[in-house]
Amino acid sequence: MKQIGFIGLGTMGAPMASNLLRSGFEVTVYNRTAEKCRPLEQEGAKVAATPQAAAEGKNVIITMISNDDSIREVFYGNNGILATLQPGTTVVDSSTISPGLAKEIAAAVEERGGSFLDAPVTGSKPAAIEGTLVFMVGGSAAVIEEHRDIFDSMGRLLLHMGANGSGAVAKLAHNAMVGIHNVALAEGFSIAVKSGVPADKFLELVKNGSAGSKQAELKGQKIIDNDFSNQFSLALMLKDLKLASSLSDSTGVPSPMLGVAKSMFQAGFNHGYGDEDLSAVVKSYEDWIGQKIGGKADQE
């Protein structure tokens, strides 16, 4: 059985590592906040004190880290992954990072005789728990197939996007649409509710009409219930939109809707909603219209 080092046990990483354990893989985990390792240790994981220790002697190393600076530290810092990487090791990075950094790390891994896959995911916390994530992967098709069993333990679908960096590009373009759809949902809700249309009736229309979207399905009821418990944080979505905006600028692609979405998420972050679910972007609209969207709030 393959030995896996899993680094990064946040909202997504912890359930992903748990699914690998349930599938019978031998998993060693590392997280900067060590307390987050304890539940997985109880499930049978070994715990490492550094990224280097988690990676040492493993067939596959999986990283799930929040941003470019943190991923650099995990790979290049003291006791980082690259210090101990052995030839033949496959590194799978499921973080959402800039495509340029993904290519840079891929080159560093390959220089040491390893293989690299940039394999970000979509599906947020519920899909991570259920093992139904969707992977968008850049890298060698042969390496992907070699480790198909690992991906199948964590997700329901894998899409090979092309060479290294293409997974990261696909994720940023995808999350640009996620952010735009969330803002569109919040704006539609606000127009309808401020004009007297019940929020639940409007959501039913959206789900069954031409304005339907995955975000309406996933976030519409949370907005109505005034439930902003974190499945994927507003702060992380803002980070992804900034990366997507930089990518858009570098390619010369005009992206006015991305710019508006980024500004709305920035406003939400500035108001202190960063640790809440990304659907909390609606709170700025609620301030503007002077009322809550949800019926539950109306009854309080």
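Let's start with Ser95, which is buried because its relative accessible area is 3% (buried means under 20%, exposed over 50% and partly exposed in between, with a 1.4 Å probe and protein chains only). The model is predicted, so local features need pLDDT of at least 70 and side-chain atom pairs count only at pLDDT 80 or more, while totals for chains, interfaces and linings use all residues. Residues are numbered from 1 along each chain as its sequence is written, and side-chain values use heavy atoms, with hydrogens and water left out.

Where does Ser95 sit? You will find Ser95 in the loop between strand S5 (90-93) and helix H5 (99-111); helices (H or I, at least four residues) and strands (E, at least two) are DSSP runs, numbered from the N terminus. Leaving aside residues up to four places away in sequence, Ser95 touches Thr63, Met64, Ile65, Ile71 and Pro120, with contact meaning heavy atoms within 4.5 Å.

Now turn to Leu157, which lies in strand S9 (residues 155-162). Leu157 counts as partly exposed because its relative accessibility is 36%.

Finally, look at residues 165-284. Over this stretch the chain is 72% helix and 0% strand, and its end C-alpha atoms are 34 Å apart.
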